[in-house]
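Please keep the sequence and the structure at hand while reading.

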Amino acid sequence: MSRIEDLFNRNRIWAERIKEINPDFFLNLSRQQKPEYLWIGCSDSRVPANQIIDLPPGEVFVHRNIANVVVPSDLNCLSVIQFAVEVLEIKHIIVCGHYGCGGVKAALSSENHGLIDNWLRHIRNVKRLHASDFDDLVGEEPTIDRLCELNVIEQVHNVCATTIVRDAWLRGSHLTVEGWVYSIKDGVLKGLCSRGPETLDKDPGDDRGAVGEISAVG
Ligand code: CO
């Protein structure tokens, strides 16, 4: 059996297994999706959204890209956020980074990676914005991991600054935006920050406002 055929085989077994437990599972899902969470995470194969928080299909709306970056000019990501907030009316947006992120690591190196360096520029900007946070760190791993955390917090800030989220809060939504970091080494999540409608009172242009609030939330 080829590797691709094997995937179809695995799919059939998986679908049968779920139907054995709940015969109507797929029928019910086909009628509607009503997830409460939007997950914005890294494309890294070791950080699959549903599995990490142990939720079945239908529970998490997902957007993933390299190093979980939210850029105000990225129509793809903004469209996902708009659909999630305005149509699905999700209750929480989770930005989840992970320690040892390859995208963050690449952003710290001076090597030429080609086109992707344009994307990694966003992460380099996070480092530049918080340069003093790295003064006391010794070695590559602590530096990468610190930038992984700061990147999450900055992307939470970017989500909160979108017109989509701000408009939702202005309409009275209690939507929250969560910043998490995941450890590939032990499979455990850590909460870094949590934002809600009170964020509207802060200046959306204040890019330094997000820092200093790293504290264990989860
Ligand atoms: Co990554």
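## Metal site

Cys-42 is buried, at a relative accessible area of 5%. In this predicted model, Cys-42 is one of the residues that coordinate the cobalt ion: the donor atoms are SG of Cys-42, NE2 of His-98 and SG of Cys-101, at 2.0 to 2.3 Å. Along the sequence, these donor residues follow the spacing C-x55-H-x2-C. Cys-42 belongs to strand S1 (residues 37–42), while Cys-101 sits in the loop between strand S3 (92–98) and helix H5 (102–108), so the two cysteines tie together parts that are 59 residues apart in sequence.

Cys-101 has a relative accessibility of 1% and counts as buried, being under the 20% limit. His-98, which lies in strand S3, is likewise buried, with 1% relative accessibility.

Which residues does His-98 touch, once its neighbours within four places in sequence are left aside? The contacts of His-98 are Cys-42, Asp-44, Arg-46, Val-47, Cys-148, Val-181, Tyr-182 and Ile-184. Cys-42 in this list is also a donor to the cobalt ion.

Asn-68 is found in the loop between S2 and H4 and is buried, at 1% relative accessibility. Between the C-alpha atoms of Asn-68 and Lys-202, which are 134 residues apart along the chain, the separation is 23 Å.

## Helix H7

Helix H7 covers residues 140–160 and has 21 residues. From its first C-alpha to its last, H7 reaches 30 Å, close to the 30 Å expected at 1.5 Å a residue. Is H7 mostly covered or mostly exposed? H7 is mostly covered, with 17 of its 21 residues buried.

## Aromatic pairs and a charge over a ring

The model contains four aromatic pairs. One of them joins Phe-25 and Phe-26: the ring centres are 5.1 Å apart and the planes stand at 90°, so this pair is edge-to-face, the class for angles over 60 degrees. The two residues fall into separate accessibility classes: Phe-25 is buried at 15% relative accessibility, and Phe-26 is partly exposed at 28%. Together with Trp-14, Phe-25 and Phe-26 form a cluster linked by ring pairs.

Another pair consists of Phe-61 and Phe-83, with ring centres 5.6 Å apart and planes at 35°, so the arrangement is tilted. Phe-61 lies in strand S2 (residues 60–65) and Phe-83 in helix H4 (residues 75–87), so the pair ties together parts that are 22 residues apart in sequence. Phe-61 counts as buried, with 17% relative accessibility, whereas Phe-83 is partly exposed at 36%.

A charge also sits over an aromatic ring. The charged end of Lys-127 lies over the ring of Phe-134, at 5.1 Å from the ring centre.

## The chain as a whole

How many helices and strands does the chain have? There are eight helices and five strands, and along the sequence they follow the pattern α-α-β-α-β-α-β-α-α-α-α-β-β.

The chain has 218 residues; a compact globule of that length would have a radius of gyration near 17 Å, and the chain, at 19 Å, agrees with this. Taken along the principal axes, the C-alpha atoms fill a box of roughly 55 × 45 × 30 Å. Buried residues account for 41% of the 218 residues. Of the contacts in the chain with a separation of 6 or more, 63% are between residues 24 or more positions apart.

Asn-28 is located in helix H2 (residues 25–31) and is partly exposed, with a relative accessible area of 40%. The C-alpha atoms of Asn-28 and Leu-189 are separated by 30 Å, and the two residues are 161 residues apart along the chain.

Conventions. Residues numbered from 1 in each chain as written. Predicted model: local features only at pLDDT ≥ 70, side-chain atom pairs only at ≥ 80, totals over all residues. Heavy atoms only, no water. Donors = N, O, S within 2.8 Å, 3.2 Å for Na, K, Ca; no water. Helix = DSSP H or I, 4+ residues; strand = E, 2+ residues; numbered from the N terminus. Buried < 20%, exposed > 50% of the residue type's maximum accessible area, 1.4 Å probe, protein only. Expected span 1.5 Å × (residues − 1). Phe/Tyr/Trp six-rings, centres within 6.5 Å; stacked < 30°, edge-to-face > 60°. Lys NZ or Arg CZ within 6 Å of the ring centre and 35° of its normal. Contact = heavy atoms within 4.5 Å. Rg over C-alpha atoms; globule rule 2.2 N^0.38 Å.
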